[in-house]
Amino acid sequence: MSCAADKECFYVAGNLSLSIWAGLVPVALFILQCVSTGMGIAVGQARKKYGITYPCLYAVPGTKGDYAPVTEETALLKEDKEHAKAESISEEIAYKFNCIQRGHQNFLEQVTCVIPLVVLNWFTFPLLAGICGIFWALAKIGYFVGYGYFGAGGRLWGAGAYIPQLALYGITLWSAVVLFSGSDAY
């Protein structure tokens, strides 16, 4: 099947202008960026809410928001001792913040593999690459919301992200085989 003869073809080896689906990949990349930005804003809001300052990546119970230990010995004045204890991060606050931070951190760890695969497969299977990128982003929103607002067990809300991620691995291998063989994808 030749893509020049059929504008709806989803296999295009190296010529994006022939596929009507080529525009789906920039849409997927835009959505991925929006999701990352939204998660970053949510982490920033959690930092403000729970008093966790930069550059602290995570909250540590029993410390201030800057990892400084809060003890009676660190209080400057005797009347500051009770206030110092009240300023320390509780186990509950640390857990809540760390879940939100970890949800975003997981996205950042994984997106570094997803974006190159989406872009690479743009040249061979733009429809599949775009769909996988969008589905992955939506599943990661579920992961972030589940983990960030319902605790570690909520991570399962985004378990579906592995489906498009594994599909991207398969599409990449398929693309390599097709391109090496010099044949059409189907």
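**Figure 1. Leucine 179 lies in helix α5, which spans residues 162–181.** In this predicted model, leucine 179 is partly exposed, with a relative accessible area of 48%.

**Figure 2. The chain as a whole contains five helices and zero strands.** Followed along the sequence, the elements give the pattern α-α-α-α-α, and 40% of the 186 residues of the chain count as buried. Two packed helices are described by the angle between their axes and the distance between the axes.

**Figure 3. Helix α1 and helix α4 have axes that come within 7 Å of each other.** Helix α1 covers residues 24–50, while helix α4 covers residues 126–150. The axes of α1 and α4 cross at roughly 15°, and because an angle under 35 degrees counts as roughly parallel, α1 is described as roughly parallel to α4. The contact of α1 with α4, sorted by class, has 19 nonpolar, two polar and one charged residues. The crossing of α1 and α4 is left-handed.

**Figure 4. Helix α1 also meets helix α3, and the axes of α1 and α3 come within 10 Å.** Helix α3 runs over residues 91–122, and its axis crosses that of α1 at roughly 165°. Since angles over 145 degrees count as roughly antiparallel, α1 and α3 are roughly antiparallel to each other. By class, 20 nonpolar, five polar and two charged residues make up the contact of α1 with α3. The crossing of α1 and α3 is, in terms of hand, left-handed.

**Figure 5. Helix α3 and helix α4 form a further pair, with axes that come within 9 Å.** The axes of α3 and α4 cross at roughly 175°, and the two helices are therefore roughly antiparallel to each other. Sorted by class, the residues in the contact of α3 with α4 are 14 nonpolar, seven polar and three charged.

**Figure 6. Tyrosine 143 and tyrosine 147 form an aromatic pair that is edge-to-face.** The count of aromatic pairs comes to six, and in the pair shown here the ring centres are 5.7 Å apart, with 85° between the planes. Tyrosine 143 and tyrosine 147 are four residues apart in helix α4, and are therefore separated by about one helical turn. Tyrosine 143 counts as buried because its relative accessibility is 11%, and tyrosine 147, at 12% relative accessibility, likewise counts as buried.

**Figure 7. Charged side chains are placed over the rings of tyrosine 143 and tyrosine 147.** The charged end of lysine 140 sits over the ring of tyrosine 143, at 4.5 Å from the centre of that ring. Over the face of tyrosine 147 lies arginine 155, whose distance from the ring centre is 5.4 Å.

**Figure 8. Tyrosine 143, whose place is in helix α4, is shown here together with tryptophan 157.** The two residues are 14 positions apart in sequence, and the distance between them in space, taken from C-alpha to C-alpha, is 5.1 Å.

**Figure 9. The peptide bond from tyrosine 54 to proline 55 is cis.** For this bond, omega is near 10°. Proline 55 is found in the loop between α1 and α2, where helix α2 covers residues 80–87.

**Figure 10. Glutamate 91, found in helix α3, is shown with valine 60.** Glutamate 91 is exposed, with a relative accessible area of 61%. Although glutamate 91 and valine 60 are 31 residues apart in sequence, the distance from C-alpha to C-alpha is 8.0 Å in space.

Notes: Residues are numbered from 1 along each chain as its sequence is written. This is a predicted model: local features need pLDDT of at least 70, side-chain atom pairs count only at pLDDT 80 or more; totals for chains, interfaces and linings use all residues. Side-chain values use heavy atoms; hydrogens and water are left out. Axes are lines fitted to C-alpha atoms, for helices over the stretch in contact, and angles run from 0 to 180 degrees between N-to-C directions. Angles under 35 degrees count as roughly parallel, over 145 as roughly antiparallel, 65 to 115 as roughly perpendicular and the rest as oblique. A crossing is left-handed if the near helix is turned anticlockwise from the far one by less than a right angle, and right-handed if clockwise. Ala, Val, Leu, Ile, Met, Phe, Trp, Tyr, Cys and Pro count as nonpolar, Asp, Glu, Lys and Arg as charged, and the others, Gly among them, as polar. Rings of Phe, Tyr and Trp (its six-membered ring) pair if their centres lie within 6.5 Å; planes under 30 degrees apart count as stacked, over 60 as edge-to-face and the rest as tilted. Buried means under 20% relative accessible area, exposed over 50%, partly exposed in between (1.4 Å probe, protein chains only). A charge sits over a ring if NZ of Lys or CZ of Arg is within 6 Å of the ring centre and within 35 degrees of the ring normal.
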